[in-house]
Amino acid sequence: MTATQILLLIVGYFLVLLLISYLTGKNDSNVDFFKAGKQSPWYLVAFGMVGASLSGVTFISVPGWVEDSKFAYFQVVLGYLVGYFVVAFVLLPIYYKLNLTSIYEYLRSRFGTVSHKTGAFFFFVSRVLGAAFRLYLVAIVLQQFVFDAFGIPFEITVIISIALIWVYTNRGGIKTIVWTDTLQTAFMIAAVILSIILINQELDWSFSEFLASDALKEYSTVFYTDDFLARNHFIKSFVGGMFVTICMTGLDQDMMQKNLTCKNLRDAQKNMVSFSFVLVVVTLLFMLLGALLFMYAKKNDINIPLMDGQTKTDLLFPEIALNSGLGLGLSVTFMLGLIAAAYSSADSALTSLTTSFCVDFLNLEKREAKAQKRIRKQTHIWMSIALVLVIIAFKYILNSNVIDSLLTVAGYTYGPLLGLFAFGIFTKHQIHDKWVWLVSVLSVITIALIAGVDKAYLGGYVLGYELLPLNGLLTFFGLWLIKRRAPNVETETT
């Protein structure tokens, strides 16, 4: 598939998104931008959230990680499943009871203004980095296979990508995204299924023959229980995955904003539960695709692509789909899936960042009514610029597999949110609100120091995703130290 063909495909895809944006954004109100009028069908939200949760990271990085990690990532995914039930039956009832626009408003009602701002700040950092990770992936693919051919630098590729997202989310916000996510998820799932079918045909296998093959057995080890000291031990991966979901979904404005557009709590819970099972199945398909890609590459002597002189397994899927002669069908399928996967998470991230900044930092509801829309639109532009700058920076500092980097960063940035919400929900204590920011910062610094300890000093124990719950526990303990008893004060958790 030529660079020109890919570019035309991207243009056509975005014309469809702009049509959806036009139809859903006619009202152009803050109510629709932030909450979609609380009229979203739960099944539509559930299906769309699959694409938003997986994103371009899963679409490219999970298959590219299979050779190094085998199917160990599935241990984390099983932890995700348990985490989604915690979100559905512990966190969602609180959010719906308080009728929140930003979920961090809970921290203000529970503890005070500093807690509210601290929680919103850590979300802001988490989501900027998370969205940048995801968009960085699609940007390097577009750069390698499209824009390099036209002599366009990486920085311009990033600006174009963000500008396109800004255009179709500027008016409708979350109302538009609920519908575009549905379309994007459909493209992404179709892409992975068709890719598996087409590559199996090239290898002269049926799907059942592929599952029974000895070649798959080389990659398909799922459970690692022999060495507890290793980073990929089942318990560490499972527990880490559970807390990653609780934090990156349940304590994340991006993911919860979609759930809060459902008509009521019951619909939101049905959305969360059904979505969680679909997500597990789809992620397994991506790992199977990863194994197929490496089998096909070995059989046909296809080398891992290079970027800036370094091998980049994240680029293996696009290399095979676009340059290995498997036909235009696979190339088109891959590009539609990639674009859909990347932008289904990036567009909602941009909207949620705008929402959180307007509500949590600018106190939009207290501004004059005639100024609120203008402030929201200006904030939307500034959030776009922030994403552009961070993505460009990643090109020069990121050298590991993107999904591994994403989950590692989550251990630092979501830990304080986990501790704050856990303390609010599971205790009745009030705290000295003015010290919350210090407790959160010290917790992150402590985790960073722990993560930097050589495994030789830990008896060979390798730290992994359990840093996230440990970070939350440290924050919880710090809040306990600054608590003040208020037995006669009724809170939302009593």
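A salt bridge is taken here as a side-chain nitrogen of Lys or Arg within 4 Å of a carboxyl oxygen of Asp or Glu, and the legends that follow describe close-up views of a predicted model.

**Figure 1. The salt bridge between R108 and E105 in helix 5.** The side chains of R108 and E105 meet with a distance of 3.4 Å from N to O, and this pair belongs to the 4 salt bridges that the structure holds. Both residues lie in helix 5, which covers residues 105-110, and they are 3 residues apart, or about one turn of the helix. An α-helix has 3.6 residues a turn, so residues three or four places apart point the same way.

**Figure 2. The salt bridge between D214 and K217 in helix 10.** In this view the side chains of D214 and K217 meet at 3.6 Å, taken from N to O. Because D214 and K217 are 3 residues apart in helix 10 (residues 214-217), about one helical turn separates them. D214 is exposed, with a relative accessible area of 58%, and K217 is exposed as well, with a relative accessible area of 55%.

**Figure 3. The salt bridge between D267 and K270 in helix 13.** The closest N and O atoms of D267 and K270 are 3.5 Å apart. These residues belong to helix 13, which runs over residues 265-299, and since they are 3 residues apart there, they are separated by about one helical turn. D267 counts as buried, its relative accessibility being 13%, while K270 is partly exposed, with a relative accessible area of 33%.

**Figure 4. S195 and its contacts beyond the local sequence.** S195 is found in helix 8, which comprises residues 174-202. Its relative accessibility is 0%, and S195 therefore counts as buried, the cut-off for this class being under 20% relative accessible area. When the neighbours within four places in sequence are left aside, the residues in contact with S195 are L289, F317, L330 and T333.

**Figure 5. Helix 19 and its buried face.** Helix 19 has 16 residues, numbered 436-451, and reaches 23 Å from its first C-alpha to its last, which is close to the 22 Å expected at 1.5 Å a residue. The buried residues of this helix are V436, V439, S440, S443, V444 and I447. Seen down the axis of helix 19, these buried residues fall within an arc of 130 degrees, and so they line one face of the helix.

**Figure 6. An aromatic cluster that includes Y95 and F421.** Ring pairs link Y95, Y104, Y106, F123 and F421 into a cluster. For the structure, the count comes to 20 aromatic pairs, where rings of Phe, Tyr and Trp pair if their centres lie within 6.5 Å.

**Figure 7. The chain from which the close-up views are taken.** The secondary structure of the chain comes to 20 helices and 4 strands. Of the 494 residues in the chain, buried residues make up 59%. Among contacts between residues at least 6 apart in sequence, 85% join residues at least 24 apart. The accessible surface of the chain comes to about 19200 Å², and 65% of this surface belongs to carbon and sulfur atoms.

Terms used. Residues numbered from 1 in each chain as written. Predicted model: local features only at pLDDT ≥ 70, side-chain atom pairs only at ≥ 80, totals over all residues. Heavy atoms only, no water. Helix = DSSP H or I, 4+ residues; strand = E, 2+ residues; numbered from the N terminus. Buried < 20%, exposed > 50% of the residue type's maximum accessible area, 1.4 Å probe, protein only. Contact = heavy atoms within 4.5 Å. Expected span 1.5 Å × (residues − 1). Arc of directions from axis to C-beta. Phe/Tyr/Trp six-rings, centres within 6.5 Å; stacked < 30°, edge-to-face > 60°. Areas by Shrake-Rupley, 256 points an atom, 1.4 Å probe, with all protein chains shown as cover.
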